[in-house]
Amino acid sequence: MNLDFKNFFLNNSLLFVFFFICIVGTLTSEYFFTLTNLQNMVRNMAVPGLLALGVSFVFLVSRIDLSVGSLTIFGPILAVSSLAFFGEIFDFKVLVRGNQYANSAAFIVIVSLITGLVVGFLNGVGVMYGKITSFIMTLAMMKALWGLNYVLTHGHAYYLQIPTYTWMGTLNLFNIPFSTLVYLIITLIAAWIMKFTIIGRRIYSIGGDEKTARLAGINVTFWVILAFMMSSFCASVAGILFSSRLQTVDAPLAVGFELTAIAFAVVGGVSLTGGKGSPYRAFLGTIVMGALFSLFSMWGLNTWHRNIVVGIIIILVVMLDQRKNNLGRL
Amino acid sequence: MDFLRMNNISKAFPGVKALDDVSFEVKSSEVHSLIGQNGAGKSTLMAILNGITKQDDGEILINDKIVKIDDPKDAFNLNLSIVHQEFALCNNLSVAENIFLGNEPFNKYGYIDKEKINTDAAKMLNSINVDLNTDEIVGNLNTSQWQIIEICKALSKKPKFIVMDEPTASLDENQIDNLFEIIKSLKNNGIGIIYISHKLNEIIKISDRITVLKDGKIKKTFGKENVTEKLLIETMVGENIKNKNSNHLNDIIYPILKINDLSHLNSFNKITFNLHKGEVLGLSGLLGSGSNEILRSIFGVIEFQSGEINLLDKKININNPRDAIKNGIGYIPSDRKNEGLIQDNSIKDNSILTIFKKLTNLGFFKANEAKVTTQNYVDKLNIKISNINDFVMNLSGGNQQKVVIAKWLAKECRILLFDEPTRGIDVAAKAQIWSLISEFTKNGGAVIVASNEIKELIGNCHRIITLQRGKINQVFENKNFNEQEISLSISSN
């Protein structure tokens, strides 16, 4: 019983860290424990949380995905710019005023999701068939998409005024932000997939020992490509939530998100070497870092200082994690 | 004249006396060979000489002075170099850079003195009559040239004695002749050589003295004269052992698997044999004979260039392990750690690795059935564990191997390919593995075992195929099993 509790504590220590941060926040700032701030906090977790969840799938098969940052905004940009393009050709009224658009929210959502799946597929194919290291393949993808983002928008922002679209980023259901709900639901589904379906089994086997998996007749190529597609899918959902919240699509948005996502996942305990980690771990990393960011804003620390602290935290967490591994499993 | 002597060396490992009062010496300008079967104690003796393990008893002397070798650096300081069986070269560096790796001379500005490295390396290569460009990148060279570079690496430390462990394992005839020329010129330069090999004809050709180790003891030391391969084999092997399967062979008439003219680049050539229902077929050969590669080709791990594989008289295409598995073939690799098991997964996850699909219903994993299946095999194979959710990395070698086997039994394979199935497994577990193999074949399966443990093969196989340099040398049937003949067929042509 005693050991069980110790195990529970060790495995969920980040949960306690999260509560600790919340307590510190409440004690040091009168605004921390207010509905608005808590709503903001959890809403801000949704986008990096989804990205962290996505890259965890790729980490679990011992690979890396750097393209998710650029991809986040690429889906909406592709959708909106093609709406504008075809709107001019076929003369349907998408243009409301200046460069503000109001039309089919469903179109943007669908195009973004499909784009994500295609990009993930390309990443996976490049890595498995092209034999390109995932770091290089997804770095190239990140750069290419980044460039495409500017080409498609001509460097100008599109302001979205589609009520059905923008409410996704701003609406609260039972006081819980819609984006957070989407994030939670996807995390739950992912956790379930990883634990109870063949997809999870395969991904963990491959991350555990790719050679053994291959010799056991597992189609490594297929499952790795799928992991990349799952990652990109999450990035696309994040992109929809992100652009609907900002009511804008613009090329410079979401730059560097991939590294934040990786940091969140790593802090949660998802191993870069594969096989270790879970959607739950990515979730833990997200709530801890999300709470910390919120605390920093309360304290008035700006992004610059925040980045320094994040760097230090990542080093500490990974160091502690290594210690824990070396001490053996409990 | 210098002497290296090992006097009355003993070494025990838990459960086995690896060396028992062994004395061995080599002097300048001499090649003294050390032979013996697997487990005779050669590697232990060399590990002691290299400072990797410490003897329990006995002493090492150089020129009648007792020396202490506590780690490889001590051996190096005593002018004692070892050329290991495996190559340890940096493929991206040049010949000269490899020879002086970790030992580089510096010029007065603190940079590595490239010129000196190149001229010294050239001198060294010259001294053993080898024509090799010192600027060439090692990755562009062939294995025999790597072997030469390994020797030069040893020479760069200006040794008085060199130990060569299976230096011809990956060389062809011409390259071996070349190597022997080099060994002769080393001898002429006053270097004493301890030569370890399984290849008896080479041993006889190159040695001044030959010492036979058996079960950790010196059996006999032969001089240059009157030594024959037969004599060496007799000394190495001792009395013959019996085969257990003799009656069972009569049932073996239905060929399941027909291998026709299978060839792979340079590992094996035109291999043809049949595997019958109920048969345990042994493949045996020295390193580089191709026995392991043949198994890996049949399983689709490496691609063969020509030839065909027929299953029940139907040609099958095997391009990857999945194809092999679809045809009911399973493979138990020799590298259990990296290829057989996912070390930090549970026993359960490893046992059902091959049958995930069967254990899922519309994509949902049937956890309970997985548990039952695993427990079933744990009981059947007598795997000693406390919980099927334990990590496999904490199991003993024998139990780990059983988990690998469980994986294929669960898949209901008809043919199992075992690559060195008893490597790193204790004696009791070895017997259990073999009885599992026997039971599997009695139930209609067929097994190919690639192994160098000739005694085990003789005790358990119906037929043994010996291989040399990628070609079938001889086929023995169990009524004619004779350890000496089989050993001879493996290690001499």
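The expected span of a helix is 1.5 Å times one less than its number of residues. I keep this rule at the head of the page for helix 14 of chain B.

**Conventions.** I am working on a predicted model, in which local features need pLDDT of at least 70 and side-chain atom pairs count only at pLDDT 80 or more, while totals for chains, interfaces and linings use all residues. Residues are numbered from 1 along each chain as its sequence is written, and chains are lettered from A and ligands numbered from 1 in the order in which they are written. I take helices (H or I, at least four residues) and strands (E, at least two) as DSSP runs, numbered from the N terminus.

**Entry 1: helix 14 of chain B.** I looked up the ends of this helix, residues 397–410. Its 14 residues should span 20 Å at 1.5 Å a residue, and the end C-alpha atoms are 20 Å apart, so the two values agree. For burial I count other C-beta atoms, placed from the backbone, within 10 Å of a residue's own: 20 or more is buried, 12 or fewer is exposed, and in between is partly exposed. By that count 13 of the 14 residues of helix 14 of chain B are buried, and the helix is mostly covered. After the helix comes E412(B), with a positive phi near 55°.

**Entry 2: other positive phi values.** I note that most residues other than glycine have a negative phi. A254(A) has a phi near 70°. I find A254(A) in the loop between strand 6 (248–249) and helix 12 (257–268) of chain A. A254(A) counts as buried because it has 28 C-beta neighbours inside 10 Å. D215(B) has a positive phi as well, near 50°. The loop that holds D215(B) runs between strand 9 (209–214) and strand 10 (217–222) of chain B. With 16 other C-beta atoms within 10 Å, D215(B) is partly exposed.

**Entry 3: domains of chain B.** The domain bounds come from an automatic or database domain assignment. That assignment gives domain 1 (3–237) and domain 2 (248–491). I read 34 Å between the C-alpha centres of domain 1 and domain 2 of chain B. Contact here requires C-beta atoms, placed from the backbone, within 7 Å. Domain 1 of chain B puts 13 residues into the contact and domain 2 of chain B puts in 10. On the domain 1 side, helix 8 (residues 229–237) of chain B gives the most, with 6 residues. I sort residues as nonpolar (Ala, Val, Leu, Ile, Met, Phe, Trp, Tyr, Cys and Pro), charged (Asp, Glu, Lys and Arg) or polar (the others, Gly among them). The domain 1 side then divides into 5 nonpolar, 3 polar and 5 charged residues.

**Entry 4: the four-stranded sheet of chain B.** Two strands pair if DSSP finds at least two bridges between them. I trace 4 strands in an open sheet, in the order 2-1-4-5, with antiparallel pairing. Strand 2 (16–27) and strand 5 of chain B are the edge strands, each pairing on one side only. The twist averages 30° from one strand to the next. Strand 1 (residues 3–13) and strand 4 (residues 57–62) of chain B are joined by 5 bridges. In that pair L4(B) stands opposite I62(B). Strand 4 of chain B is joined by 3 bridges to strand 5 (residues 65–67) of chain B, again antiparallel. Here I60(B) has V67(B) as its bridge partner, and L61(B) stands opposite I66(B). The hairpin of strands 4 and 5 of chain B has 2 residues between the strands, and N63(B) takes a positive phi near 50° in it.

**Entry 5: the six-stranded sheet of chain B.** I trace 6 strands in an open sheet, in the order 16-19-20-13-21-22, with mixed pairing. Strand 16 (329–332) and strand 22 (471–477) of chain B each have a single partner strand, so one side of each is left without a neighbour in the sheet. Neighbouring strands are turned by 20° against each other on average, direction ignored. Helix 17 (residues 483–491) of chain B packs on this sheet and touches strand 13 (280–284), strand 21 (463–468) and strand 22 of chain B. The direction of helix 17 makes about 30° with that of strand 21 of chain B. For such angles, axes are lines fitted to C-alpha atoms, for helices over the stretch in contact, and the values run from 0 to 180 degrees between N-to-C directions. Strand 19 (residues 415–419) and strand 20 (residues 446–450) of chain B run parallel and are joined by 5 bridges. L417(B) has I448(B) as its bridge partner in strand 20 of chain B.

Technical notes. Two residues are in contact if their C-beta atoms, placed from the backbone, lie within 7 Å.
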